[in-house]
There are 2 protein chains.
Amino acid sequence: MAMLMIGELARRTGVKVNTIRFYEDIALMPKAARTDSGRRTYSEADVKRLTFIRNGRDLGFSTEELKSLIALTEHPDLDCGAAAAIARRHLLAVEARISRLMLMRRELERVAANCEGGRMADCQIIGAIAQAPSH
Amino acid sequence: MAMLMIGELARRTGVKVNTIRFYEDIALMPKAARTDSGRRTYSEADVKRLTFIRNGRDLGFSTEELKSLIALTEHPDLDCGAAAAIARRHLLAVEARISRLMLMRRELERVAANCEGGRMADCQIIGAIAQAPSH
DNA sequence: ATACACCCTCCAGTCACTGGAGGATCAGGA
DNA sequence: TCCTGATCCTCCAGTGACTGGAGGGTGTAT
C-alpha cells in the first residue's frame, strides 16, 4: 500500500500539517514511522484515524475525549457503556448549545433586520444584546 | 449612587473577579476608578456594560467584536450599518454552527440508544463519528 | 487584638491550535 | 551536474479568553 507524506495526509483529511504534528506531540495520533531522511510516513489507517479525529473535533469533542474513545476501540471486549457515557454526556452539552444558539439566532435576526440606514442612537443591536436572556 | 467593589460587580454580573480585571487589561472594560487604598470601584453603568459584555460573549461575539460594538455606541450620530454588518456576519456563523450541531445531535442520539450493554466490538459510536459528514 | 473576607499585582498554565524562522531533502528540468 | 521550487524537518513564540494561585495589603466585626 502506498505511503503518504504528511502534506498528502493533510490534503486528504483537511487537517493542517502543523496540526498533524501537534496531534503526534499530544499522542492523539501515534508516532509516525519515518523514512531514512526523517520524514513522517502514513498509511490508509492513519487517514481513517485522522478523519475520525477531525470529525470528532468538528463535532465538539475535546482531544481528551477523542483519546478515550480511540483507547476504547483498542479493547474490543470491553462493555461499550463507557463510550455510550461519553456520547450521552456530550449529547446533553450539544442540546444546550443548540438551544442557546437558536435563541441567539432569533435575537440576531430580529435585530439585524431593523437596523438598516438608522443611526446608532436608535440602533437596536446594542439593546438587544444588553437584554439578551442569560441562560 | 452606591459604589461597588469588584466582588459585588462579579456577583451582580456573573463574571469572575479575575475575568473583570482581565477585561480591564484588554481595554474591554474601562480603567476602573480606585479608592485611596487602590481598590477598584464600579458604578451602575459598569454593571450595564459588563452585563452587555457577558451576554455578548455568551452569544458568541468575540471580545474584539464587542469592543467595536461598544465603540460604535460612543458615536451616536453614525449610521448603524456597521453594527448591523457585525450582527449579520455573526448570524451566518451561528446558523452554520446550528446545522452542524443538529447533525451531530442526530448521530449521538442514534448511537447512544443502540449502545447499551453491548461490546466495544459492536459499538457504533466510533463508526458514526468516523463517518460523520464533514462540513 | 485577632480573625477572616476581600482586595491587590504578577505570573504561570490551559486548550487547541497557528505561523514562522532557519535549515535539510527531493524531484524535475536546462 | 546544477538549480529551482516544493516539501519536509525542528523549535519556538503567539493567539484568545480566560483561570488559578502565590504572596501580600486592607477593612470590618467581634
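1. B:Ala27 sits in the loop between α2 and β1 (33–34) of chain B; helices (H or I, at least four residues) and strands (E, at least two) are DSSP runs, numbered from the N terminus. B:Ala27 has a positive phi of about 65° although it is not a glycine. Most residues other than glycine have a negative phi. B:Ala27 is exposed because 10 other C-beta atoms lie within 10 Å. For this and what follows, a residue is buried if 20 or more other C-beta atoms lie within 10 Å of its own, exposed if 12 or fewer, and partly exposed in between, with C-beta atoms placed from the backbone.

2. A word on the model before going further. This is a predicted model, in which local features need pLDDT of at least 70 and side-chain atom pairs count only at pLDDT 80 or more, while totals for chains, interfaces and linings use all residues. Residues are numbered from 1 along each chain as its sequence is written, and chains are lettered from A and ligands numbered from 1 in the order in which they are written.

3. A:Ala27 is found in the loop between α2 and β1 (33–34) of chain A, with a positive phi near 65° in a residue other than glycine. A:Ala27 is exposed, having 10 other C-beta atoms within 10 Å.

4. Chain A contains six helices and two strands, in the order α-α-β-β-α-α-α-α along the sequence. Of its 135 residues, 27% are buried. Among contacts in chain A with a separation of 6 or more, 47% join residues 24 or more positions apart; a contact here means C-beta atoms, placed from the backbone, within 7 Å.

5. Please have a look at α1(A), where A:Ile6, A:Leu9 and A:Thr13 are buried. These residues lie on the same side of α1(A) because they cover an arc of only 55° around the axis, the arc being that of the directions from the helix axis to the C-beta atoms. The buried residues of α1(A) pack against α2, β2 (40–41) and α3 (44–58) of chain A. The exposed residues A:Gly7 and A:Arg11 are on the face turned away from the buried side of α1(A). After α1(A) comes A:Gly14, with a positive phi near 75°.

6. Which residues touch the most other members of the largest nonpolar core? They are B:Leu9, B:Ile20, B:Leu50 and B:Ile53, in a core of 19 residues. Such a core is a set of buried Ala, Val, Leu, Ile, Met, Phe, Trp, Tyr and Cys residues joined through C-beta atoms within 7 Å. At least two residues of this core come from each of α5 (81–113) of chain A and α1 (6–13), α2, α3 (44–58), α4 and α5 (81–113) of chain B. A second, separate core of 13 residues includes A:Leu9, A:Met29, A:Tyr42 and A:Leu50.

7. B:Leu50 lies in helix α3 of chain B and is buried, with 22 other C-beta atoms within 10 Å. Not counting residues up to four places away in sequence, B:Leu50 touches B:Leu9, B:Thr13, B:Val15, B:Ile20 and B:Met29. With neighbours within four places in sequence left aside, B:Leu9 is in contact with residues including B:Leu4, B:Tyr42 and B:Val47.

8. Finally, the DNA. Of the 19 residues around DNA strand D, A:Met5, A:Gly7, A:Arg40, B:Ser37 and B:Ser62 come nearest; a residue is near a strand if its C-beta atom, placed from the backbone, lies within 6 Å of it. Around DNA strand C there are 19 residues, of which A:Ser37, A:Ser62, B:Met5, B:Gly7 and B:Arg40 come nearest. The surface near DNA strand D has four nonpolar, eight polar and seven charged residues. Here Ala, Val, Leu, Ile, Met, Phe, Trp, Tyr, Cys and Pro count as nonpolar, Asp, Glu, Lys and Arg as charged, and the others, Gly among them, as polar.

Terms used
Contact = placed C-beta atoms within 7 Å.
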